[in-house]
Amino acid sequence: MKPLVIGTRDSELALWQAKTVQLQLKNNGVDSVLHPVKSSGDLNLDVPLYEMGITGIFTKSLDVALIKKEIDLAVHSMKDVPTQLPKTIVQAAVLNRANPYDILVHKGLDFLDGKGHIATGSLRRKAQWLNRYPNHEVSNLRGNVNTRLKKLKNNDWNAAIFAAAGLGRIQLTPKNSQIINWMIPAPAQGAMLVVSNEKNTQVLNALKPLNDKTTEICVSIERSFLRTLEGGCTAPIGALAQVNENDIHFEGVLLSLDGKQRFYIKKKCKINNYKGFGECCAQEILNQGGDKLMDKLRQIL
Ligand SMILES: NCc1[nH]cc(CCC(=O)O)c1CC(=O)O
């Protein structure tokens, strides 16, 4: 078999993730090379992007490269992947999940009890923070992990929020940080997804051993919860499923942008019954009044 071509974005975190997949393939006797692509750029395809169902801003370029057969597989942070994959692209493996939680990088924690000013670009993190600390201010913070750490240093914010897995993977977790154990993470946060072409059975077979069944089940519940609620918009939604012996413990949340409204669910089911569980949890959120909030969010976002 010719070395497989692994498509990846070119940030430090994305490259680390792609190299992890490369190493796991290597351990199974499969050779590969990395093919980093810039996130935006020239996306010319014979068919319009929307006709292929290509939507995600982080995943677009790699979707196109896969469809053009420039790469054999692509590695993504699973939380960046839209719940609906493009036509002909399939989930090939979900890797064993790292820490799923968010982490607060701070300059001392005294601000928690008083006036505070934190930074995040995520609607989900902002809404949950404001729900808990209504008197705090939240500023927008964008860019890759390295950029955001630098911006935190150069501003007078008290803290910023990151994915623990993202910082941990590239060994950038600062000493002055703590896991935010009350904040419900993004669906699939901390998990890596490998996708490929549905017809490429050779590649799909090579990737099968990389799949972690427990992670696959947990993130599928979280993404079903998200898909049932969202209807194509990026609302402040958190979801986390965790396995404990034969049970799956699920927590999900939907908030208004200002954090004032919060719909929450905590529920468990047997692993064997996980099909439909995420949808069922989402339905309960909608029934609590989350449906009206989702209508409102769809008009704003
Ligand atoms: N939104 C960007 C992004 N996509 C995946 C990660 C981290 C790794 C992960 O969550 O799996 C990050 C950085 C962050 O949220 O701080």
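The structure is a predicted model. Strand 8 (residues 159-163) is largely enclosed by the rest of the structure, because five of its five residues are buried, and this strand, like helix 6 (164-169), supplies at least two residues of the shell around the ligand.

- Strand 5 (residues 102-106) pairs with strand 8 in the antiparallel sense over five bridges, and His 106 stands opposite Ala 159 in strand 8.
- Strand 6 (residues 117-119) pairs with strand 8 in the parallel sense over two bridges, and here Ile 118 stands opposite Ala 159.

**The shell around the ligand**

- The ligand lies between domain 1 (4-95 + 192-211) and domain 2 (102-180), because both domains give residues to the shell around it.
- There are 13 residues around the ligand, of which Lys 79, Asp 80, Arg 148, Ala 163 and Gly 190 come nearest.

**Polar contacts and burial of the ligand**

- An N or O atom in the side chain of Lys 79 is 2.6 Å from an oxygen atom of the ligand, whereas in the side chain of Asp 80 an N or O atom is 2.9 Å from a ligand nitrogen atom.
- Arg 125 places a polar side-chain atom 3.1 Å from an oxygen atom of the ligand.
- The ligand taken alone exposes 390 Å², and the protein buries 88% of that area.

Technical notes. Residues are numbered from 1 along each chain as its sequence is written. This is a predicted model: local features need pLDDT of at least 70, side-chain atom pairs count only at pLDDT 80 or more; totals for chains, interfaces and linings use all residues. Side-chain values use heavy atoms; hydrogens and water are left out. Buried means under 20% relative accessible area, exposed over 50%, partly exposed in between (1.4 Å probe, protein chains only). Helices (H or I, at least four residues) and strands (E, at least two) are DSSP runs, numbered from the N terminus. Two strands pair if DSSP finds at least two bridges between them. A residue is near a molecule or strand if one of its heavy atoms lies within 4 Å of it. A polar contact is a pair of N or O atoms within 3.5 Å; within protein, one must be able to donate a hydrogen and the other to accept it, and residues adjacent in sequence count only if both atoms are side-chain atoms. Accessible areas come from the Shrake-Rupley method with a 1.4 Å probe; for residues, only the protein chains shown count as cover. Domain bounds come from an automatic or database domain assignment.
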